[in-house]
Amino acid sequence: MNMLQVINRKRDGLKHTQEELDFVAQASANEHVPDYQLSSWLMAVRINGMDEQETFWLTEAMAKHGTQLKLSGIRKKRVDKHSTGGVGDGVSLALVPLVACAGVAVPMMSGRGLGHTGGTLDKLESIPNLKVRLTPKKISDQLDSVGAVMFGQGAGLAPADRKLYALRDATATVDSLPLIVSSILSKKAAEDLDALVMDVKSGQGAIFETPAEAEKLARLLIKTAARLKLPAVALITDMQEPLGKAVGNALEIKQAIEVLSGDGPHDYIELLLTLGGWMLTLAKKASNWEDGAEKLERILRSGEGLKKFKLIVAAQGGNARVVDLPEKYLPQAKFSVPFKASQSGFIAHWDARRIGEAARILGAGRLVMEDPIDYSAGIYLKKQRGDEVEKEEVIAWLYSNNLVKMNQEAAHLKQAVTIEKRKPKASPLIIKVIR
Ligand code: URA
């Protein structure tokens, strides 16, 4: 078998065999097929799709061709959470320490930014010296001693996803159901989990804009997880607006520290407690998600979550003083520009996709695979949907080390906000739960 034959079959709309998908996973993991052939196959899948069986075969093969964590020696239940990606969705940063405080072991394998959406690994790396490329032994030891660990695929975990994920970002093949499902679940299958909670975003800032498309994705995730024998639940959550106030790597770390200190945007906290409530439920530490959310709220108020975050940062070599003095130890942008309201009224909408794209251009994300990240870059939304504003009041700040780009993006931001005379009706953040 060779890659050209595999590409030909998908280009012609045929169903792949298990052997063909194993070949693709192995070729991606070992990098013995050129990027242009993998990219061409990705586009054929994006256009012609794959069925449930093919999606499962690909996921299984992507998890298999790489290191598999062996974490069953850990006495606690191991539960992880994964998001399909949003704008300002740094919720994992506060969720991991909080859930760990409730007695659940959280081995969180995360990815980098994809398209206009941010990635937890990029956010974590804005903490000076913090390492996310950890060996399987380090992952297991830290999970045992600290109860939580946040890492990337560096140690040979799901290497095929690492390759394909980066190529998808640069080849307009992100929004494909089977590619998203195999990407997410191959990482999670390699983690040796007891259960998984997934946050499937829906709206302008998500990969899929409508709840119906998000539901299709959620159902395929749940079906594929079941075939992998991984108990899972998927929450469809709103991503019309950016989540919280911060969009950008260091900005989102600072926001997570604020949340763990007992202060933070209401939408971020609602999502944090709901996802965490489900994680506790699947770990049998709570009778239902509401019970779990209450437990986590108490932990949040006690300040234990913040202490745990500090322990995680220190255990991974990061400068833990970041937690006490984020302004001093996190990267700071050379330039900041205020963005003012053009009229008085209420914020009716921040366009999450435009905000995500603007933050990416400011330096918070990549336009091509090799682009470096400016950890200090991003946008801080002082005012969120529903907040009242005065004409000329500062409603957002832009941060970057590139003044030219910043002035350009400040001009573009005018199209990202809608201000109306009437207060907008509240809309639900948690749209649906799929099990
Ligand atoms: N998150 C992932 O890990 N992979 C995707 O393809 C999309 C979101």
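A: With ring centres required to lie within 6.5 Å, the count comes to one aromatic pair. The model is a predicted one. The partners are Phe 339 and Trp 350, with ring centres 6.2 Å apart. Their planes stand at 50 degrees, so the pair is tilted. Phe 339 belongs to strand 7, residues 335–340, and Trp 350 to strand 8, residues 345–350. The pair therefore ties together parts that are 11 residues apart in sequence.

Now the ligand. The residues around it are His 82, Ser 83, Thr 84, Leu 114, Tyr 165, Arg 168, Ile 180, Ser 183, Ile 184, Lys 187 and Ile 207. By class, this shell has five nonpolar, four polar and two charged residues.

A ligand oxygen is 2.9 Å from an N or O atom in the His 82 side chain. A ligand nitrogen is 2.6 Å from an N or O atom in the side chain of Ser 183. For the Lys 187 side chain, an N or O atom is 2.6 Å from an oxygen of the ligand.

How much of the ligand does the protein cover? On its own, the ligand has 240 Å² of accessible area, and the protein covers 97% of this. The space that the ligand takes is the largest cavity.

Which elements give two or more residues to the shell? They are strand 1 (79–83), helix 8 (159–170) and helix 9 (177–189). Helix 9 supplies the largest share, four residues.

How values were computed. Residues numbered from 1 in each chain as written. Predicted model: local features only at pLDDT ≥ 70, side-chain atom pairs only at ≥ 80, totals over all residues. Heavy atoms only, no water. Near = heavy atom within 4 Å. Polar contact = N/O pair within 3.5 Å; in protein donor to acceptor, adjacent residues only side chain to side chain. Areas by Shrake-Rupley, 256 points an atom, 1.4 Å probe, with all protein chains shown as cover. 1 Å grid on protein atoms, 1.4 Å probe; cavity = no way out; pocket = protein on both sides within 12 Å on 5 of 7 lines; lining within 4 Å. Sits in = over half its atoms within 2 Å of the grid points. Nonpolar A, V, L, I, M, F, W, Y, C, P; charged D, E, K, R; others polar. Phe/Tyr/Trp six-rings, centres within 6.5 Å; stacked < 30°, edge-to-face > 60°.
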